[in-house]
Amino acid sequence: MTTNEITKKSRNVILALLFLGWSLGNLDRYIMNYAVVSITGDLHLDASSTGIILSAFFLGYAIMQIPGGWLADKFGAKRVLLMAVITWSIFTGLTAIAWSLTAMIVIRFLFGIGEGGFQPSSSKIIATIFPKEERGRAMSIMLTSGGIVSLIVPLLAAYLLGTIGWRMMFIIIGAIGAIIAFLYWKYIQLPQDKAATAGTENTTSKVNFKELLKTPLMWNLIIAYFCIYAVNWGLVSWIPTYLQKNRGLDLMSIGWAQTIPAITTIIGVYGSGYIIDKLPKGMEKVLGSISCAVIGLLLYLMFTAKTVTLFIGYQTVVSIFIAFVITLLPVIVLKKLPSSITGSAMGIANTGGQLAGFVTPMAIGFMVDAFNGSFDAAFWMLIGFALICIVSLVTLNDQKGTLLKA
C-alpha cells in the first residue's frame, strides 16, 4: 500500500482514532500512579509492594512488544490493534476486583500483555499511511496524548478517588475501551490488512526481522529507549508519592502542581515532531545527546531543590527535554527503516522502553525502603540512565538502518 492510496481526510480520521487509543492507554498508566496511593492503603502494602504493582504492567507490556510488532507485520495492523484494545479493556475492568497484592500483580501483568501490541501496530499504520516527511508530526501528535493525559489525570484522579473510589474508576475506564474498540472496527480501513488476510502481506518481513536483530542501529535504539523511559517512568510513577511523603503535599495540591510540567510536555512533544522533520541528517543524535545531558543536570537540581516551587520548576524544564528524546527515538525508526517491517522494528526498540517501565518503579520502591524513605539514591540512578543514553545516541550509526530494504 502506498501513501497515495488513502486520502488526507482518511489519514486524519485514522490519526484521530489512534490518538484516542493512545490517550486511553496513557490514562490507565498515569492514573494508576495516583490510584496506587489508595490501593496500598486498602491492601496494606509497603513501598516495595507498590513498586511491584507499578512494574507488573510493564513486564507484560515489554514481553508483548516484539510478538505484537511481528503479528502486525504478518497478519495486519488493524487485527492486532483491535485485539489489544479489547484485551486491555477487559483487564482494566478486572483491576476493580483485585483483593490482594498477588491478584493485583496478575491482573496488571495480563493488562500489559493485552496492551503490548498496540504501540507497534499503531506505529506501523502511521508508517504505512503517512509519507516520510510527515511521520515525525504524526508521531508527535500520538505522543502528545501522554502530556494531555498527564495534565488531566492529577485533578481527575483526585476527584474520582475521592468520590467513586478506585474500583469503580477502573470499571468506567474499561467501558471506555470497549467503545474505542468498536470505533476501530468500524472506521479504520486499511488495504494492507486485506492483503494480509489473503496471505500476500510482506513476504520479506521474516528475513528483515532477523536482520533487524543483527543491526547495531537497533541495539543503540533499545538502549536509548530503556534509558530515557527509565527516567520518564521513574519520575511519573513516583513523583505523586514523593511529593506526598517527602514534601508534605496532599493529592489535590499534587494535582495542581503537576499541571505545569504536563503542559510543557504537551508543547515539547508536539513541537519536537515539527523540529525533527526539519533537522538535517545527523543532527538528530546531536540534539538528542545534548538533551540527555541537560536531563541529567536537571534531575540533580530537582532532588536537591530546597523548596517545592523549585522542584516543580526544574521538573517543568526537564519534561521538555524528555519529550524531545521520547519523540526522537520512534521517528528514527519510522524514517530510517522500511514500512514493511516498522511493526517489528518498533516492537524491538520499544521493548527496551517497556523493560525500563518494569524495572525502574520497582527498583525505586526497593531503594526507598532500603534508604529509610529517602529518594536520593533513586534520583542518582536516573541521572546514571541519562548519561548512558548520551553514549547510546552519540554512537548511533543510522547508515546501518538504511541497509535494510523492504
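Modeller: Start at Leu235. Neighbours within four places in sequence aside, Leu235 is in contact (heavy atoms within 4.5 Å) with Leu299, Met302, Val318, Ile322, Phe379 and Leu382. This is a predicted model, in which local features need pLDDT of at least 70, side-chain atom pairs count only at pLDDT 80 or more, and totals for chains, interfaces and linings use all residues. Residues are numbered from 1 along each chain as its sequence is written, and side-chain values use heavy atoms, with hydrogens and water left out.

Now widen the view. Leu235 belongs to the largest nonpolar core, which has 130 residues. Such a core is a set of buried Ala, Val, Leu, Ile, Met, Phe, Trp, Tyr and Cys residues joined through side-chain atoms within 4.5 Å. Buried means under 20% relative accessible area, exposed over 50%, and partly exposed in between, with a 1.4 Å probe and protein chains only. Phe170, Tyr184 and Leu235 have the most contacts inside the core. Helix H10 gives the most to it, 18 residues. Helices here are DSSP runs (H or I, at least four residues), numbered from the N terminus.

The whole structure has four cavities of 30 Å³ or more. A cavity is a set of points on a 1 Å grid over the protein atoms alone, where a 1.4 Å probe fits but cannot get out; lining residues have an atom within 4 Å of a point.

H6 gives the most, eight residues. By type, the lining holds 22 nonpolar, 14 polar and two charged residues. Ala, Val, Leu, Ile, Met, Phe, Trp, Tyr, Cys and Pro count as nonpolar, Asp, Glu, Lys and Arg as charged, and the others, Gly among them, as polar.

The structure holds one salt bridge, meaning a side-chain nitrogen of Lys or Arg within 4 Å of a carboxyl oxygen of Asp or Glu. Asp28 and Arg108 form it, at 2.9 Å from N to O. Asp28 is in H1 (residues 8-43) and Arg108 in H4 (residues 101-115), 80 residues apart. Asp28 is buried, at 0% relative accessible area. Arg108 is buried as well, at 2%.

Terms used:
Helix = DSSP H or I, 4+ residues; strand = E, 2+ residues; numbered from the N terminus. 1 Å grid on protein atoms, 1.4 Å probe; cavity = no way out; pocket = protein on both sides within 12 Å on 5 of 7 lines; lining within 4 Å. Points joined across faces, edges and corners; volume = space filled by probe spheres on them.
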